[in-house]
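Today I went through the charged side chains of a model, entry by entry, and noted where they pair.

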Amino acid sequence: FRVRAGVGVEIASAVEVINDLGFDTLTFLGVTVLVVPAFRVVKASPILGFFCAGVVLNQFGLIRNLTDVKLLSEWGILFLLFEMGLELSLSRLKALAKFAFGIGLPQVLLSTLAFAAFELPPNGAIGTRILQFLFNSRPDLVNIRSVDEAIVIGAALSLSSSAFVLQLLAEKGELATRFGSATLGILLLQDIAVVPLLVILPVLESQNVVEQSVWPMLLAESLKALGGLGILSLGGKYLIRRIFEFVAESRSSEAFVALCLLTVSGTSLLTQWLGFSDTLGAFLAGALLAETNFRTQIEADIRPFRGLLLGLFFVTTGTSIDMQLLIREWPNVLSLLAGLIAIKTLITTALATRVGLTFQESVRIGLLLSQGGEFGFVVFSLANRLGVLPLELNKLLIIVVVLSMALTPLLNDLGRKAAGIIDERSETKEVKPAEEANYGATEPIVILGFGEMGQVYYIIFSFVVKAGH
């Protein structure tokens, strides 16, 4: 009887979860139908619409099973990075290495040091003193226990949001430009930089970080994970392609779509097991299939899944804001938000100009990557569980990261306008061609062009030269 009763309770619980997910699915589909057309009409990014919808749904309690919905929404990021990997060829990957290690690596290091310095020294952080001076905040607001914890939190803030940035670049058609390639290279390096954080967080939880440093273990685990990633790349290059060829011969669209889903989830689990983030696995799977004959079909099959699940991710991101805390602590929130955007913008812009990018492109990249990233939520939730951060500061940092992600479309537009202003000013400083033209030239001049208009000019000037003029 007890066994039957227990089974009955489990079945009832399962039915309740299914009902909740069904209601949440209907809610999200209704939001999608309303938000996307409405924000297209006002010429705003649908990302902002999904974010605002998440805030409203959370305030009215219209999402019943938020935990499971968030787990489902993470598939949107996986599909997005898988699709971005499909767009890469081997030659473009080599080109991205220049931006990844020339901009991305020093940006992560410098941003980590800057944010960690804000939290130090332990039990007397400089950030607390600044907020006390500006807004008379509590004296224990930013205090942490050790340098290791400060570095982990600083590293979490140094990462940007791949989901928001790549979605914007895809919408604007800028992924194939040099600006898009540089941005993608930086995001790729940031995704790899998650490895040390994934290794150190469990160590922080299990060891006494006040008495013992974890960096030697961190280095050893990171090297082991990198070796595993190399083996996975070499093996997947041949294995995955052979599997796709075998399934394609069956001419079954259902089996092909299932294989796409299996590839994304399988590589994500493998890289997560190696100590990397699951998003890196999805990106790697796409890159391995980029130069195959199946790339176009794969993109067409996963695009509906990617669009819907990304929208769900943006909705769940909006649910992370505590509106009461935001209203009560808005001066601290705005100051932390401004500091995050300003520091990351200055560091990224300065580094980008040193690898051959123009100042206009550097400013755009700096503003576009100045927000916080999804991994910050993982770090802050673990810090709250371990008692590393005060509860109120933990919620404040989550609000700051979410707001910075929501500002990404506006920061992108601001970067584009700033680049346009810089272009106009640089053009006015150039000397006009009419002031330097030499009309006394005696030698004939031939102008060769490219394209339809170039061919027309070539024909005209050919006749001019033949006529002896």
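I counted as a salt bridge a side-chain nitrogen of Lys or Arg within 4 Å of a carboxyl oxygen of Asp or Glu. The model I worked from is predicted, and on that criterion I found that the structure holds five salt bridges.

I looked up Glu174 and found that it pairs with Arg364, with 3.2 Å between the closest N and O atoms. Because Glu174 sits in the loop between helix H7 and helix H8, while Arg364 belongs to helix H15, this pair ties together parts that are 190 residues apart in sequence. I then checked accessibility, taking under 20% as buried: Glu174 is buried at 13%, and Arg364 is buried at 12%.

Next I turned to Arg295 and Glu299, whose side chains form a salt bridge at 3.5 Å, N to O. Both are in helix H12 (residues 295–318), and because they are four residues apart, about one helical turn separates them. Arg295 came out as partly exposed, at 27% relative accessibility, whereas Glu299 is buried at 8%.

I also noted a salt bridge between Asp413 and Arg416, the closest N and O atoms lying 3.4 Å apart. These two residues are three apart in helix H18 (residues 408–429), about one turn of the helix. I recorded Asp413 as partly exposed at 31%, and Arg416 as partly exposed with a relative accessible area of 30%.

How values were computed:
Residues are numbered from 1 along each chain as its sequence is written. This is a predicted model: local features need pLDDT of at least 70, side-chain atom pairs count only at pLDDT 80 or more; totals for chains, interfaces and linings use all residues. Side-chain values use heavy atoms; hydrogens and water are left out. Buried means under 20% relative accessible area, exposed over 50%, partly exposed in between (1.4 Å probe, protein chains only).
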